[in-house]
Amino acid sequence: MEINDTTKISSFYPKSEVKGVKKSSQTSSESSTAANAQESGISALQKQDTFVRQESVAPTDTGIYSKESITKTIEELEDQRTQAFVSMIEKMFQSQSNSEFLSVGDITKNISLHFSTEDIEAAKESISDGGFYSVDAVATRIMDMAMSLAGDDPAKISVMRDAVTKGFGKAAETLHLKEDDMPDITKDTLAEVMKRFDDWEESYKTTEENV
């Protein structure tokens, strides 16, 4: 992949974000904090759902909520959660891509005016094994969120799977890339997530067979 446009690099990888990557990759406790923040985001969405439900479900003239209105509201809330999940996936893949771009030696000359050697080394560390943006770390965070949103409903697995695929595609669009041109680390992460989805689905099948 050739990245020759200095403005493009700096526009999607601001200085503040690089330092954030560096800081998060230095300590495992800060990685845990980021994961907790994401979980808090899901919790916040759930709290918001309660408020929306109260406002959007209108009672009938008799003061009784109809089955249709309740069903419609539940579907709307689920769609909101799914869209929020897609947005989070998009941002994860963008950040992982940015770290990969910084770590590639043949483009450092194009971004040397914007990032220090220390920043570049921090980006390399973040995508290495055990790093905050490594394949395993990002895949684990994605699956943790997917499982939290799906709960114990196996029917939601396909919805979560599609959301991840959509988030990956939107990340590519934001970076002005085709999906095939995304950094290898992001494609490897997507493949790992899809494998974990397969294992998740298989676990339900195994459970049903043993019942």
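Tutor: Isoleucine 89 lies in helix α4, a helix here being a DSSP run of H or I with at least four residues, a strand a run of E with at least two, and both being numbered from the N terminus. The model is a predicted one, in which local features need pLDDT of at least 70 and side-chain atom pairs count only at pLDDT 80 or more, while totals for chains, interfaces and linings use all residues. Residues are numbered from 1 along each chain as its sequence is written, and side-chain values use heavy atoms, with hydrogens and water left out.

Let's stay with isoleucine 89 for a moment. Its relative accessibility is 0%, so isoleucine 89 counts as buried; that word means under 20% relative accessible area, with exposed meaning over 50% and partly exposed in between (1.4 Å probe, protein chains only). Setting aside residues up to four places away in sequence, isoleucine 89 touches Ile142, Met145, Val164, Gly167 and Phe168, where contact means heavy atoms within 4.5 Å. Glycine 167 is 78 residues away along the chain, yet the two C-alpha atoms are separated by 5.0 Å.

With a relative accessibility of 43%, lysine 166 counts as partly exposed. Apart from neighbours within four places in sequence, lysine 166 is in contact with Gln83 and Val86. Its C-alpha also lies 9.2 Å from that of serine 87, a residue 79 places away in sequence.

Now for the other partners of isoleucine 89. Ile142 and Met145 are among the α7 residues that meet α4: Arg81, Phe85, Met88, Ile89, Met92, Phe93 and Gln96 on the α4 side face Val135, Val138, Arg141, Ile142, Met145, Ala146 and Leu149 on the α7 side. These contact residues divide into 11 nonpolar, 1 polar and 2 charged; Ala, Val, Leu, Ile, Met, Phe, Trp, Tyr, Cys and Pro count as nonpolar, Asp, Glu, Lys and Arg as charged, and the others, Gly among them, as polar.

Two packed helices are described by the angle between their axes and the distance between the axes. For α4 (residues 67-103) and α7 (residues 135-150), the angle is about 175 degrees and the axes are 11 Å apart. The axes are lines fitted to C-alpha atoms, for helices over the stretch in contact, and angles run from 0 to 180 degrees between N-to-C directions. The two helices are therefore roughly antiparallel to each other, a label for angles over 145 degrees, with under 35 being roughly parallel, 65 to 115 roughly perpendicular and the rest oblique.

Alanine 137 is also found in α7. Beyond four places in sequence, alanine 137 touches Gly131 and Phe132, and its C-alpha is 9.1 Å from that of threonine 189, 52 residues along the chain.

One more helix is worth a look. In α6 (residues 117-127), the residues Asp119, Ile120, Ala122, Ala123, Ser126 and Ile127 are buried. Seen down the helix axis, they fall within an arc of 160 degrees, so they line one face of α6; the arc is that of the directions from the helix axis to the C-beta atoms. On the face turned away from this buried side sit the exposed residues Thr117 and Glu118.

Finally, here is the whole chain. The protein chain has 9 helices and 0 strands, and 39% of its 211 residues count as buried. Of the contacts between residues at least 6 apart in sequence, 76% join residues at least 24 apart.
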